[in-house]
Amino acid sequence: MFYLELLLVGAVWGCTYALMALGLTVVYGLLRILHVAQATVFTFGAYLGLLAANQFGSLWLALLVGAVSAGLLGPLIYRFVYQPLLGRPPFVALVASIGLLVAMEDGFRLIFGPYGLAFDDNTWFATSFSLGGLTLNGVQIAVVVLSIVLLTAFALFASRTRAGIGWRATVSDPAIAASFGVRVEQVRYLAFSIASVLAGVAGVLVGLLNNLVEPGMGGVISYKGLAIIVLGGLGNVPGTLVASMVLGIIESFGTVFVDRWLDRDAIAFLFLIIVLMIRPQGLLGKAH
Amino acid sequence: MDYYISVATFAALNVTLALGLNLISGFCGQVSLGHAAFYGLGAYAAALLSVAGLPFVGSLAAGVLVAGLAGALVGFAALRVREDFLAIVTMGVGFLFLGVVRKQSWLGAEMGISNIPSPLEKGGYAMLAIGVAIVMLAISLHVRRSWMGRAFSAVAQDEDAARSLGINVPGFKIAAFFIGTAAAGLAGGIYAHMTQLIVPDAFNFVQSITILAMVVIGGIGSSFGVVAGAILLTLIPEMFRFINDYKLLVYGGLLLLVMRFSPEGLAGIGRSLARRWGLR
């Protein structure tokens, strides 16, 4: 039973990682940019969601506000940070992205204070459900349900809509996609919006899970998001989802069994390093 | 006076760290986001041995060796994974180092190692650190002009082409990591003895990014630019109190602005000014 509970907790974390990492994969697939600054979008969504929740008392509204505000910020980052750097070597965009991330961490500290803010009335956190002997709180259920809904919506978008097909075409070959009338620039904005909406939702959810929104909350999850997309095979969507779940579960077991030797972040990255040494192309990536 | 001496010492240590990273990332083109881990490895190895009674020079040498060997190991990793993958692996190495150190009681866990013996006066550390920085600059300048430096650029520009020319790509990658991280280990050993107290957080991801910022803002690949970047980024937070509280806002903002408007950093700005004034 204990193991099952660990599995479940790990899966919940895996879902938040998946929401974060899916966006990173989408951006990487299109532009070959490691979008570390997605952490900024994540934290921004979480703060605005929290402010909305504390003002109007609705957690659903918090999610909506988090998603929309993040969805607006992401494309702006693309427009003002990445777009001018597209022709440069890849490390340029990566370093710029890290710069934005660390600067905004201080920025959030300056605006919202250093200690973080809590939800005034986190009703989901307070409600718990029993499932055959396992206890989950409302936030954990919401994380799982929302992740499934959003990821399914994404899958439908990618396979069934014109925009989704245009996106996939651009991923596999931007020049040919453009010659078939796909507007590559619009696809990029769309990708950043989608990635950012997912990150914003993840931000509010992680804020609810910890009942705390703090300036540094995006950093670690974003670094792990990068580890996950690398694990999954860069740009590989199914690989990313598998890697998210695997990492969430490994962390959850790791914090119980190897806590004496390694902390949680180290477990995640040790796993990453081991996998990459054995399979440099990632878990589901194809060898070159 | 003491204050200025310690600022000068930190500036010199940062120059050594930044030149080491520049050798790996600037010369050899291997992006590393975990340089602080090697700084930390050197500091911890030297501190532990000094506390155990080894003489100062022996502890420093051990720090250099431990950091350099760990760096060479990461160099082996760089043979397996490239570019973006390598950046994430080196970031992972940083987190792994912190995670291990934080949990081991014999490494002092969160409290770190204190009461490290200090054999020198403040001025002595300053001289030592400045001397090391100058030697490191000389090594950088020499390597740049040597066969090794040319091989490094070949690896940086196009690994496969370099290999087809018969350049020993794995050997040079490992050498770049070894030299760069060994320098960081030496800086770490000096830092540990000077402050007599080390804690894990002094070697975290933010520290790695700070070193990277020095390299990038100075001008990646340019030794003098990197020296200027390291000194500048050490002095700016000391000069303005506000900046010391919001260091990351300034470092991060500078990183972003430099990448956006002058990806060749201070060195690039210097070069274009020199061209405008007809110096070259």
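Is A:Leu4 buried or exposed? With 11 C-beta neighbours inside 10 Å, A:Leu4 counts as exposed, because the cut-off for exposed is 12 or fewer other C-beta atoms within 10 Å of a residue's own, while buried takes 20 or more and partly exposed is in between, with C-beta atoms placed from the backbone. The model here is predicted, so to speak of local features needs pLDDT of at least 70, and side-chain atom pairs count only at pLDDT 80 or more, whereas totals for chains, interfaces and linings use all residues. Residues are numbered from 1 along each chain as its sequence is written, and chains are lettered from A, with ligands numbered from 1, in the order in which they are written.

A:Leu4 sits in helix α1 of chain A, residues 2-31 (helices are DSSP runs of H or I with at least four residues, strands are E runs of at least two, and both are numbered from the N terminus). Its C-alpha atom is 47 Å from that of A:Arg183, which is 179 residues away along the chain.

Now to where the chains meet: 39 residues of chain A are in contact with 34 of chain B, contact being C-beta atoms, placed from the backbone, within 7 Å. On the chain A side, α4 (90-112), α10 (217-231) and α12 (264-278) each give two or more residues, and α4(A) has the largest share, 16 residues.

As for α4(A) itself, 18 of its 23 residues are buried, so this helix is largely enclosed by the rest of the structure. From first C-alpha to last, α4(A) reaches 33 Å, close to the expected 33 Å (1.5 Å times one less than the number of residues).

Note on methods. Two residues are in contact if their C-beta atoms, placed from the backbone, lie within 7 Å.
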